[in-house]
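Visitor: Please show me the structure, and then let me ask about its open space and a few of its residues.

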Amino acid sequence: MRSALGRTATVLAVVIVAGLSVPPLIVLVVQAWLGRSAATVPASRLLELLGNTLLLTVLVVAVSGVLGTTTALLTRRTSLPGRRIWSVLVCVPLVLPAYVFAVALSGMLGGGGVLTGWLAPLGVDRLPPATGLWAATACLAIVSVPIVHTLVGAALARQDPALLDSARLLGDGPIRAFVRVTLPHLRGTLALAGCVVALYVVSDFGAVSMLRYDTFTRAVYAQFRGRVDLAPAFALCGVLVLVALALILAQAVLRGRERAVAARARPIVPVAIGRGAILAGTAVLAAVVLLSTVLPVATLATWAVRGLANGVQPGPVLAEAGNALYFALLAGVVTTALAVPVALVARRRSPLARVVDGLPWVTHSLPHLAVGLAVLVLSLIGPRVLYQSTTTLVLAYAVLFLPLALGPLVIALRRIDPRLIDVARTLGDPPVRTALRVVAPLVRRSTLVGATLVFFAALHELPVTLLLRPTGSETLAIRVWGAIVEGQYTTASIAALLMVALSVPLLALHERSAARAAVSA
């Protein structure tokens, strides 16, 4: 791995990271420098916004971390009936952007909300409106639970069952074995999941705006909106870059050194649980699915049915669904392919590896609107054929979502027992053959997990798609946002429901292939 193949991977990784992550950062730094003297907002207001952002981030990471880990344990480690179906249902929120959840949450609560109407026969005439910190926390945590669930579930499937068997032989019960064996095994994954969620919260704009909770991104957007000179907004983005760097550093420290596991470990036998535990586990999963999927989708369906009954025309949503699917698939394939050589370098413990692993996280953490503008500037400078092209749009997705494919792949590579590679070399396999026969099967599942995350992130990405999509290529995300802004809730609901219809079968296929990979591991 350190021979010709290793050197080739190093060169490719440096070229990919330098070509994707560095140019947008240079544009942002130059624009920030140009706007350094521009008036933005008072320092006291900036501190307040930054405090609100960090408080929201901590709450969302804590809530989604607990819920996502719990759902992963219930569906991966217990004999809970229907656990694979539950696992798919928990991941459904991956297909809905946070701003759609915010709209659905607002439509459920308050004096005229759908949920309020359902509870009226029970004597509930009014629910509190969905605004402020609690609403933003609930909305973003629900959206983030599938991210934690997916990453932790994959890590649980990779754990060597012999460690749990040893703990049980030593007399440890399920809880003590979890604390002593499983939790240390999950440390790196939980740090990665927390970092992904935190960066998502820091860069979110749509949900917090609709729920009227002031964060730093709202100040950035206010500087973008209605201004010809964008330098002041880019100057504010510099603060977010510092926050992102702090999160990335914390994640690297918390992940520490990953432990290798047996490459062909047998599958872990689910723990048989009693009737009381089955009822409690089912209640937890049902509550998560109810809040994250059933109620929001029911609210959207109610709006759609009411609008269609009143003769509202939804527009060309089928063509927009085709465009969204096409762009998301391209993003998943291209980004995952680009992540492979980067992950081969990032798995090492060296200064170059830390730079290669860290730079994509910086661009991922920035507001998508800022990155989209930076890529737009670069496309205007470059060849004319790149402007408003599919190539530019897919590369912009790769700039933003490379860490989603990179993270699971790096963890899987670090867990490969180096003795397996040594054995392959001893048997005379060249590096390429070793990579194909030994490494590729061991990281196949993690690669699929990363590609799936990129697909769903690209499917509902809005600002970059709005700025860089080929002319005339509307997507479902653009339709949802435009319809919400214009108050066309029927159209927005139908487009959002179509996102679910497109994605749930893919989620089911992903879970099925992941389960088969775990069995064959």
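This is a predicted model: local features need pLDDT of at least 70, side-chain atom pairs count only at pLDDT 80 or more; totals for chains, interfaces and linings use all residues.

Guide: Residues are numbered from 1 along each chain as its sequence is written, and side-chain values use heavy atoms, with hydrogens and water left out.

Visitor: What is the volume of the largest pocket?

Guide: On a 1 Å grid over the protein atoms alone, a pocket is an open set of points with protein on both sides within 12 Å along at least five of seven lines, and lining residues have an atom within 4 Å of a point. Volume is the space filled by probe spheres set on the points, which are joined across faces, edges and corners. For the largest pocket this comes to about 830 Å³.

Visitor: Which residues lie nearest the centre of the largest pocket?

Guide: The lining draws at least three residues from each of domain 1 (1–31 + 312–520) and domain 2 (40–297), with bounds from an automatic or database domain assignment. Of the 38 lining residues, those nearest the centre are Ser-203, His-368, Glu-461, Leu-462 and Pro-463.

Visitor: Is Phe-101 buried or exposed?

Guide: Phe-101 lies in helix 5 (residues 98–108). Buried means under 20% relative accessible area, exposed over 50%, and partly exposed in between (1.4 Å probe, protein chains only). Because its relative accessible area is 5%, Phe-101 is buried.

Visitor: Which residues does Phe-101 contact, leaving aside its neighbours within four places in sequence?

Guide: Contact means heavy atoms within 4.5 Å. With those neighbours left aside, the contacts of Phe-101 are Pro-93, Leu-96, Cys-139, Ile-142, Val-143, Ser-292 and Pro-296.

Visitor: Is Arg-212 buried or exposed?

Guide: Arg-212 is placed in the loop between helix 10 (206–210) and helix 11 (216–224). Its phi is near 55 degrees, a positive value in a residue other than glycine. With a relative accessible area of 59%, Arg-212 is exposed.

Key: On a 1 Å grid over the protein atoms alone, a cavity is a set of points where a 1.4 Å probe fits but cannot get out, and a pocket is an open set with protein on both sides within 12 Å along at least five of seven lines; lining residues have an atom within 4 Å of a point. Helices (H or I, at least four residues) and strands (E, at least two) are DSSP runs, numbered from the N terminus.
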